[in-house]
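Subject: Structure handover

Hello,

I am passing this structure on to you, as you have not worked with it before.

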Amino acid sequence: MKQYKEQLTGTGMVYRFTLQQFLKNKANMISLVIMILFAIGSVPVTSLINGGGNKEGHSEISNVYFGSDTEPYALTYTDLQNAAAADAFWSETSFHDDTEIELTGDVTRDVGYGSFTAPAARDVYAGIFVNPQTGMYQLSIIAAEDTELSDEDLAALSTFLMEQFDQVRYRTLNISDEQLAFVMSSWESDTQSFDSYLEDENRFDTQYIVQLIYSIVVMMVSVLSVSYIIRTVIEEKASKLIELLMVSVKPLALIVGKILAAMTYVLMTMGGMVLGYVVSRAVCSQFMAVAPLTDMFAGSFTFSGSLTNMSIVFVIAVVISLLLAFLTFAIIAGLSATGCSSTEDTESATMGVTLLIMAGYMISIIATSSGSTALAYATSIIPVVSVFCAPIHYMMGTIGIGVLIVSWVLQAAIVILLAVFCARIYTSLLMHRGNRVKFTDMLSMAKTSSAKGVQ
């Protein structure tokens, strides 16, 4: 133990030096700016996709000129005005009789039920008519050739007009408001297995989307730290800088200092992204309807209240699992990079560790999709995969605190073994020149140095 403690001498100096190198590197700064801009842009883009084009949440249509020849089910523009007055979305849209259309254009077209001048950029002409050949009702909405309205605006108007027309038809039967609400109710279909029927219908959706979000965070933190560590180690080794550093610090202190510096830089990057998102959300909320963060991931999934162990323990579990994931992949990345002699090996060194991270990510998603309890226990215990799965399975109540602790112990044991392995061969790897050192060669180095002690 004393030997390993001495090997860490100089860690603080390496940490400060490496962090400064991260902050001075132009490629790192460009990547940081791009990720922060991505976080900032995600707010308006997601909000626009989800229909949040304006803060008040109203239609962009200014005027609707409406006509109908569906007697005895006559829907009038007055009916539409009254319905719009009770609906905030249509509060800034005016409904007029089709005879009131403003003749401001210079093109008059025959549309089959009269002639009219083309509407303005934010106006539309709408009509509901009976097709004499089929006896079916026909809804027609006509916008200007240079319209500023989107397909979503016109689709919303189409839905609104059809709903109002259906209400007029049903009211001719002298039904009550309760009966009207019943016949106007929308449909929702669901297909599932009998086993799923016996469970919480929203449980799978909840677990899947939470697992997806958490796995993405683990993957981002791990991939970012791995890329920074590998590039830094290889560049220092190729430039002979590593040999100068070895004069004043122990070899193990080099890798530990770099790992801690990479952790700090990744946390700074993630913090910058979160800050960018928060600021963007605050600014965008001043002039548009901001979509919730979950809309970026959830899509059509439904969250339920079945987050059994959603507590401070879950937060602690996430932090511990993230830390173990970071240490595991960072040490592997350090070993992989130190076995390289030139910058040409950067891609191959990064690829191996990235594939390991992606494997853990994919297994966690597949395990969640399967819904198997046995697979949930297995993925919560198996090292590497457990850092992706264990906290979520605990939160959903699939595993208990005992299994969660076992997963931490096993993963921590892997981290300790990797650290000991790294301590034994790191000096030899730093001095290596030539072809990239394979894992089997590293094992041979460890066997050779085990009889001599840590150098």
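The notes below go through the sheet, the aromatic pairs and the helix packing.

Please keep in mind that this is a predicted model.

The sheet

Four strands form an open sheet in the order β2-β1-β5-β6, and the pairing is mixed. The edges are taken by β2 and β6 (137-143), each of which has a single partner strand, so one side of each has no neighbour in the sheet. From one strand to the next, the twist averages 25°.

Strand β1 (residues 63-68) pairs with β2 in the parallel sense, over four bridges. In this pairing Val64 stands opposite Phe95 in β2. β1 also pairs with strand β5 (residues 123-130), again in the parallel sense, and here the count is six bridges. Asn63 is the residue that stands opposite Asp123 in β5.

Together, β1, helix α4 (residues 77-85) and β2 make up a β-α-β unit, which is right-handed.

Aromatic pairs

A pair of aromatic rings is described by two values, the distance of the centres and the angle of the planes. The model has eight aromatic pairs. Phe22 and Tyr228 form one of them: the ring centres are 5.6 Å apart and the planes stand at 50°, so this pair is tilted. Because Phe22 lies in helix α2 (residues 11-24) and Tyr228 in helix α8 (residues 203-238), the pair ties together parts that are 206 residues apart in sequence. Phe22 and Tyr228 are both buried.

Phe95 and Phe160 form an aromatic pair that is also tilted, with 5.8 Å from centre to centre and 40° between the planes. Phe95 is in strand β2 (residues 94-97) and Phe160 in helix α5 (residues 151-171), 65 residues apart, and the pair thus links distant parts of the chain. How buried are the two rings' residues? Phe95 has a relative accessible area of 1% and is buried. Phe160 has 5% relative accessibility and counts as buried as well, because the cut-off for buried is under 20%.

Phe95 and Phe160 also belong to a cluster: ring pairs link them with Phe89 and Trp90.

Helix packing

Two packed helices are described by the angle between their axes and the distance between the axes. For α4 and α5 the angle is about 110° and the axes are 11 Å apart. α4 and α5 are therefore roughly perpendicular to each other, since angles of 65 to 115 degrees count as such. The crossing in which α4 passes α5 is right-handed.

Which way does α14 pass α15? The crossing is left-handed. The axes of helix α14 (residues 373-381) and helix α15 (residues 386-395) come within 7 Å and cross at roughly 125°. α14 and α15 are therefore oblique to each other.

One more residue

Ser336 is in helix α12 (residues 312-338). Its relative accessible area is 9%, so Ser336 is buried. In sequence, Ser336 and Ile234 are 102 residues apart, while in space the distance is 9.5 Å from C-alpha to C-alpha.

Regards

Methods: Residues numbered from 1 in each chain as written. Predicted model: local features only at pLDDT ≥ 70, side-chain atom pairs only at ≥ 80, totals over all residues. Heavy atoms only, no water. Phe/Tyr/Trp six-rings, centres within 6.5 Å; stacked < 30°, edge-to-face > 60°. Helix = DSSP H or I, 4+ residues; strand = E, 2+ residues; numbered from the N terminus. Buried < 20%, exposed > 50% of the residue type's maximum accessible area, 1.4 Å probe, protein only. Pairing = 2+ DSSP bridges. Right-handed = clockwise from strand over helix to strand, strands pointing away. Axes fitted to C-alpha atoms, helices over the stretch in contact; angles between N-to-C directions. Parallel < 35°, antiparallel > 145°, perpendicular 65-115°, else oblique. Left-handed = near helix turned anticlockwise from the far one by under 90°.
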